[in-house]
Amino acid sequence: MYVAVKGGERAIDNAHAWLAEERRGDTSVNELSVAQIREQLALAVNRVMAEGSLYDPDLAALAIKQARGDLIEAIFLIRAYRTTLPRFCGSNPIQTEGMKCDRRVSATFKDAPGGQVLGPTFDYTHRLLDFKLAADGEVAEAPIGNTTEGPTPHIMSFLDREELIQSEPIGEETPADLTRTPLELPASRALRLQSLTRADEGFILGMAYSTQRGYARNHAFVAELRIGAVVVEMNIPELGFSIEIGEITVTECETVNQFTGSKTEPPQFTRGYGLVFGMTERKAISMALVDRALRWKELGEDDLGAPAQDEEFVLYHSDNIQATGFLEHIKLPHYVDFQSELELIRKLRREAQTNIAQEAAQ
Amino acid sequence: MSDYNFAYLDEQTKRMIRRAILKGLAIPGYQVPFASREMPMPYGWGTGGVQVSAAVLTPDDTFKVIDQGADDTTNAVSIRRFFQKTAGIAVTEATADASVIQTRHRIPEQVLRSDQIIVYQVPIPEPLRFLEPSEVETRKMHSLEEYGLMHVKLYEDISQHGDIATAYAYPVKVEGRYVMDPSPIPKFDNPKLEMAGIQLFGAGREQRIYAIPPYTKVVSLDFEDYPFQPTKADHACDLCAATDSYLDELIVDDEGSRMFMCSDTDYCSTRRKQGHNGAQGVPYAEDAA
């Protein structure tokens, strides 16, 4: 005699309890604090803030702890939290020219006002495991240099002055909010950039890489990559002026790509743009390359059929929270659909076998 | 209960979803874009259905959740708990007692009444998606009522397999206009799509809501010489002996022996309570003990 399987509720409760225990790991090892994650796994925190679309290092660190270091899971926690937050109003656009740069490099000019500032980069480290870190994490203090005061001009502005680069007029309209209106295509560039900045780093990296390897190739020079803190200001209508409400760290990448132009218009370089929360340089460069590839129509280029040129393909598949949810849902029961396919294939096989038998008999 | 707004979503968001629902009801079968929110459960796990349920639930409602026809599948349990926690509403496993039913992959066997709402979780709302991957193109095809591609696909099925090779998510035409994906219900359930209840479909990840108003004409696509046939396993339920319900097939031993039981757990247990007993069932009271 068969008694139907029951007990979904208890299984869920027990699974959650086990998960909590696994998250903590061996209790003879000290527990990680949220502050430790925030300070010492800062790049993970940055990625979670960028793809979670919420600038809050403490919450991002908490999410990483809760997610056992699974960054996509952490991003998911942040996104789900973010949707519950009320919106009072929008800030003014940040002015990256006024950034306090921790890092600022240009691959197009050997030197320029503001200088080349390497900053805290992995770039020229030799990737050798540092076994000293396994013993203790004490570090000698880094030497302190002089900082330059005042704004750091964008490298692009020098090209712009000579009209060597296509000008990017300031848009009048406030772009739609991707998280408040359904995505409809074709999307404006502003909307595409919104989507790219919260897109999965791995996906955008792969897309950008594909353009470098010839799928809609358009060689990009990194005119400028800058990372640092910018102030966020808000207009207070009652006051009639704007006030600073905080400071965020962002990474901005501007690329110079090959020309547009025609017989009547002199050629100009074109732009790709990346702007991402936190110190997220791989993502910002990738974003700039994908942005450029997606601009083919507006710049009068040919559709080469490359994945990175296909706005619908890129925008619909770049969100890791959407992707991971749908991918993982195939773990859920599908007994009913599978049963209907079982019946169908049995029926089709029966019919085919009957036909074969009939033909053999003739 | 003060941590969340009633049914989790804020009132602004609910209003936005209700507008989409009303538009969907006004244009049966048309996919209405809506600004789907990130929910605290993953996309693909019923976020569309959850948002629609959150928008229609009132404190007086009685809520039922099924997945594969069953109330006790893990994800159904999870969604039911979510609304118990965030809306504090009454829940039930009895189809007849529910005012709102959220479902994944089934329509209950018991006929729904005009005072009931059924909310379907939809993974891919676009019936033409696997024929044409571009959303821009498929929206154009719907607006031009250009459904030739679908008929060609069904025809190709017949020429290759001798039959229409779609067993679930079988496409329907709603009120003579829009071709619609009824969500991955088995085609056995398709005839039930003409019902007294309000049917709402929510696709969270794909940001679409659509609807079938009560008593709307819903026709499963077919050909005159290959008429649509709702099918189920050719057995009776081994627990309640029902011959009219959709059956799950279970492998019960190492030799691969099979048994069949109703996928609709409420339907099955109600019948057993009434004294129906299948080939492998024990009388209801005995089982409960």
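Predicted model: local features only at pLDDT ≥ 70, side-chain atom pairs only at ≥ 80, totals over all residues.
**Entry 1: the domains of chain A**

I began with the domain assignment of chain A, which gives domain 1 (9–82), domain 2 (96–122 + 143–167 + 183–324) and domain 3 (329–361). I then looked up how domain 1 and domain 2 of chain A are placed, and found that their centres, taken over C-alpha atoms, are separated by 29 Å. Between these two domains, 12 residues of domain 1 of chain A are in contact with 14 residues of domain 2 of chain A. On the side of domain 1 that touches domain 2, helix 3 and helix 5 of chain A each supply at least two residues, and helix 3 of chain A gives the most, with 6 residues.

I took helix 1 of chain A next, which covers residues 8–24 and has 17 residues. From its first C-alpha to its last it reaches 25 Å, close to the 24 Å expected at 1.5 Å a residue. How many of its 17 residues are buried? The count for helix 1 of chain A is 0, and I noted this helix as hardly covered.

Helix 5 of chain A, residues 71–82, has 12 residues and reaches 16 Å from its first C-alpha to its last, close to the 16 Å expected at 1.5 Å a residue. Here I did find buried residues, namely A:Leu71, A:Ala74, A:Ile75, A:Phe76, A:Leu77, A:Ile78 and A:Arg79. I asked myself what covers them, and the cover includes helix 3 (42–52), helix 4 (57–66) and helix 12 (320–328) of chain A.

**Entry 2: the nonpolar cores**

I looked up the largest nonpolar core, which has 61 residues, and wrote down the members that touch the most other members: A:Val48, A:Ala60, A:Ala63, A:Ile64, A:Ala74, A:Ile78 and A:Val290. The largest share of this core, 8 residues, comes from helix 10 of chain A, residues 281–294. Domain 1 and domain 2 of chain A both give residues to this core, and therefore I place it between them.

I followed one of these residues, A:Ile64, and left aside its neighbours within four places in sequence. A:Ile64 is then in contact with A:Ile37, A:Leu41, A:Ala44, A:Val45, A:Val48, A:Gly69, A:Leu71 and A:Ala74. Apart from this core lies another, of 58 residues, and I noted B:Val52, B:Ile66, B:Phe82 and B:Ala169 among them.

**Entry 3: a threonine in a strand**

I found A:Thr270 in strand 4 of chain A, residues 268–277. Is A:Thr270 buried or exposed? I call A:Thr270 buried because 21 other C-beta atoms lie within 10 Å, and the cut-off is 20 or more. A:Val256 is 14 residues from A:Thr270 along the chain, and their C-alpha atoms are separated by 5.8 Å. Leaving aside neighbours within four places in sequence, the contacts of A:Thr270 include A:Gln166, A:Asn257, A:Phe259, A:Arg292 and A:Leu299.

**Entry 4: the sheet of chain B**

In chain B I traced an open sheet of 7 strands, in the order 1-9-8-5-4-2-3, with mixed pairing. Its edge strands are strand 1 (32–33) and strand 3 (90–91) of chain B, each of which pairs on one side only. Strand 5 (residues 117–121) and strand 8 (residues 198–203) of chain B run parallel and are joined by 5 bridges; the bridge partner of B:Ile117 in strand 8 is B:Ile198.

I then looked for helices on the sheet. Helix 1 of chain B (residues 11–26) packs on it, touching strand 1, strand 8 and strand 9 (208–212) of chain B, and its direction makes about 45° with that of strand 9. Helix 3 of chain B (residues 74–87) also packs on the sheet, touching strand 2 (62–67), strand 3 and strand 4 (100–104) of chain B, and its direction makes about 160° with that of strand 2.

In helix 3 of chain B I looked up B:Ala87, which is buried because 22 other C-beta atoms lie within 10 Å. B:Ala87 touches B:Phe6, B:Ala7 and B:Leu57, not counting residues up to four places away in sequence.

Definitions and conventions. Residues numbered from 1 in each chain as written. Chains lettered and ligands numbered in written order. Helix = DSSP H or I, 4+ residues; strand = E, 2+ residues; numbered from the N terminus. Buried ≥ 20, exposed ≤ 12 C-beta atoms within 10 Å, placed from the backbone. Contact = placed C-beta atoms within 7 Å. Pairing = 2+ DSSP bridges. Axes fitted to C-alpha atoms, helices over the stretch in contact; angles between N-to-C directions. Expected span 1.5 Å × (residues − 1). Core = buried A, V, L, I, M, F, W, Y, C linked by C-beta atoms within 7 Å. Domains from an automatic or database assignment.
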